[in-house]
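Keep the structure in view while reading.

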Amino acid sequence: MATRTTTATPWTNWAGTVTAHPAAVAHPASTAEVQQVVARAAEDGRSVKPIGSGHSFTPIGATDGVQLALDRLTGVVRADSTTGLVAVRGGTRLHDLTETLWHLGLSMTNLGDIDVQTITGAISTGTHGTGARFGGIATQVRALELVLADGTVTRCSRDEQPDLFAAACVGLGALGVITEVTLQCEPAFALAAAEAPEDLDAVLADLDAHVDGNDHFEFYWFPHTRGVLTKRNNRVLPDAPMRPLGRARAYVEDELLSNRLFEGINRLTTRRPDLIPRANRLATRALGARDFVDRSYRVFASVRSVRFREMEYAVPRAAVPHVLREIDAWLERSGELIGFPIEVRFAAADDLWLSTATGRETGYIAVHQYHRRDHRRYFEAVEAIARSVDGRPHWGKLHTRTADDLRPVYDRFDEFVALRDKLDPDRRFGNDHLERVLG
């Protein structure tokens with residue numbers, strides 16, 4: 001089957017932070033078709049960049065060459081319910097994958113709180129969830145199939161080309177096109193979710209107990225208040241009954257309040273920023289506790305329809321309280337008014353070369369700004385605070401870092417760059433953004 005090619009039009013990512021003008025858009029449906037696209041691009045002297053859902057805030061997938069749309073390279077290739085190993089094509093969206101896995105009697109060990117990304121986009125940018133015993137999505141990978149810059153296909157795992165595997169699991173799209181991912185899944189499980197309003201200072205005072213005492217713990221702090229919303233998700237026994245949120249309650253709380261009303265509040269406070277502290281205080285008082293039990297993937301992920309800009313930093317877990325207090329102090333000094341809550345999550349250390357959790361237990365602090373408001377002053381201040389504790393920026397979210405100042409926070413950075421030089425000396429998979437962050 002020939003690769004389908006469509007007329008190139010300007011492309012914009014989900015957040016509206018990046019617009020690209022590809023020369024052509026290819027829609028391959030197989031690894032062989034990806035090879036053909038890469039080979040043809042090499043003949044024409046063009047770059048190739050795969051694109052999934054476009055949910056990265058950075059220009060990591062932007063190109064003026066050939067955009068490789070992965071919308072036809074989807075689906076489960078093979079699944080073994082005994083071993084839990086599942087091979088999936090690179091363009092498969094997480095929300096489609098997790099639904100399919102459930103009906104195969106399987107679940108992913110951990111997920112982020114958004115599931116619209118493709119599996120390759122999620123692992124390539126270091127997307128993660130939360131939980132002291134769990135790594136990011138890339139730590140669930142057991143093997144990869146890649147099309148390299150010369151058009152050849154290679155496979156890697158911890159046993160086969162282990163250096164390539166450790167680099168490509170969070171590879172930024174710089175080493176090749178990932179056409180197939182083999183994941184280690186586990187028997188399908190449900191989660192008991194407990195959400196409740198609490199006090200920031202009380203949570204920070206007993207943070208280790210919260211993080212270590214739950215399978216998955218996170219919280220959202222509302223700036224200009226001491227209010228937080230905590231989320232504790234814990235596994236239940238296999239025969240425990242499901243207790244999902246009722247359809248009406250889920251619609252009211254997750255769609256009307258969390259999305260539509262929140263959109264309206266942000267539109268109002270964009271015109272009247274002075275109302276932000278009052279709106280945040282009202283939000284903390286309006287928060288109610290809720291408990292439910294549902295399929296793991298339904299608990300992990302939520303719908304986000306309000307457009308925003310986001311920056312997230314991975315910091316040493318022990319530094320989380322310090323970073324939050326420094327952000328609080330800066331907000332007080334600067335007079336900057338922030339309506340979006342700050343999200344705080346946690347992850348285990350791993351050994352993937354460019355994972356933001358490589359070599360250390362990690363806390364993730366994500367800051368957001370409504371898309372109609374200027375985020376730059378706020379993000380610059382938070383970035384400076386995070387950098388003071390050797391923070392690492394999420395590869396798919398906004399930051400100002402460059403190769404020179406990223407190198408000291410990644411022990412294997414130079415090895416990754418050397419591997420890239422070997423596999424893609426002509427920068428077939430390069431773009432301006434990768435030149436900035438990799439050199």
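A residue counts as buried when its relative accessible area is under 20%. By that cut-off, six of the six residues of strand 19 are buried, so strand 19 is largely enclosed by the rest of the structure. The model is a predicted one.

**Overall build**

The chain holds 14 helices and 21 strands. It has 439 residues, for which a compact globule would have a radius of gyration near 22 Å; the chain has 21 Å, which agrees. Along the principal axes, the C-alpha atoms fill a box of roughly 60 × 50 × 40 Å. Of the 439 residues, 58% count as buried. Contacts with a separation of 6 or more come to 73% from residues 24 or more positions apart.

The accessible surface is about 17,900 Å². Carbon and sulfur atoms hold 50% of that surface. Charged side chains number 52 positive and 58 negative. The centres of these two sets lie 5 Å apart.

Strands of a sheet pair through backbone hydrogen bonds, either parallel or antiparallel.

Which residues cover the two faces of strand 19? Ile342, Val344 and Phe346 lie on one side, with Glu343, Arg345 and Ala347 on the other, and all are buried. Strand 19 spans residues 342-347. Strand 15 (residues 216-221) pairs with strand 19 over three bridges, in the antiparallel sense. Within that pairing, Trp221 has Ile342 as its bridge partner.

Strand 20 (residues 362-370) is mostly covered too: nine of its nine residues are buried. Thr362, Tyr364, Ala366, His368 and Tyr370 point one way. Gly363, Ile365, Val367 and Gln369 point the other way. Strand 20 pairs with strand 19 over five bridges and with strand 18 over nine bridges. Ile365 is the bridge partner of Val344.

Elsewhere in the sheet, strand 14 and strand 16 are joined by nine bridges. There, Glu198 stands opposite Val228.

**Strand 10 and its partners**

Strand 10 (residues 141-147) is mostly covered, with six of its seven residues buried. How many bridges join strand 10 to strand 12? Six bridges do, and the pairing is antiparallel. Val147 stands opposite Val177 in strand 12. Strand 11 pairs with strand 10 as well, over five bridges, and Ala143 stands opposite Ser157 there. Strands 10 and 11 form a hairpin with five residues between the strands. In this hairpin, Gly151 takes a positive phi near 90°.

**Antiparallel pairings**

| Strand | Partner strand | Bridges |
|---|---|---|
| Strand 18 (residues 308-316) | Strand 20 | nine bridges |
| Strand 14 (residues 190-199) | Strand 16 (residues 227-235) | nine bridges |
| Strand 10 | Strand 12 (residues 177-184) | six bridges |
| Strand 10 | Strand 11 (residues 153-157) | five bridges |
| Strand 19 (residues 342-347) | Strand 20 | five bridges |
| Strand 15 (residues 216-221) | Strand 19 | three bridges |

Terms used:
Residues numbered from 1 in each chain as written. Predicted model: local features only at pLDDT ≥ 70, side-chain atom pairs only at ≥ 80, totals over all residues. Heavy atoms only, no water. Helix = DSSP H or I, 4+ residues; strand = E, 2+ residues; numbered from the N terminus. Rg over C-alpha atoms; globule rule 2.2 N^0.38 Å. Buried < 20%, exposed > 50% of the residue type's maximum accessible area, 1.4 Å probe, protein only. Contact = heavy atoms within 4.5 Å. Areas by Shrake-Rupley, 256 points an atom, 1.4 Å probe, with all protein chains shown as cover. Lys, Arg positive; Asp, Glu negative; His and termini not counted. Charge placed at Lys NZ, Arg CZ, Asp CG, Glu CD. Pairing = 2+ DSSP bridges.
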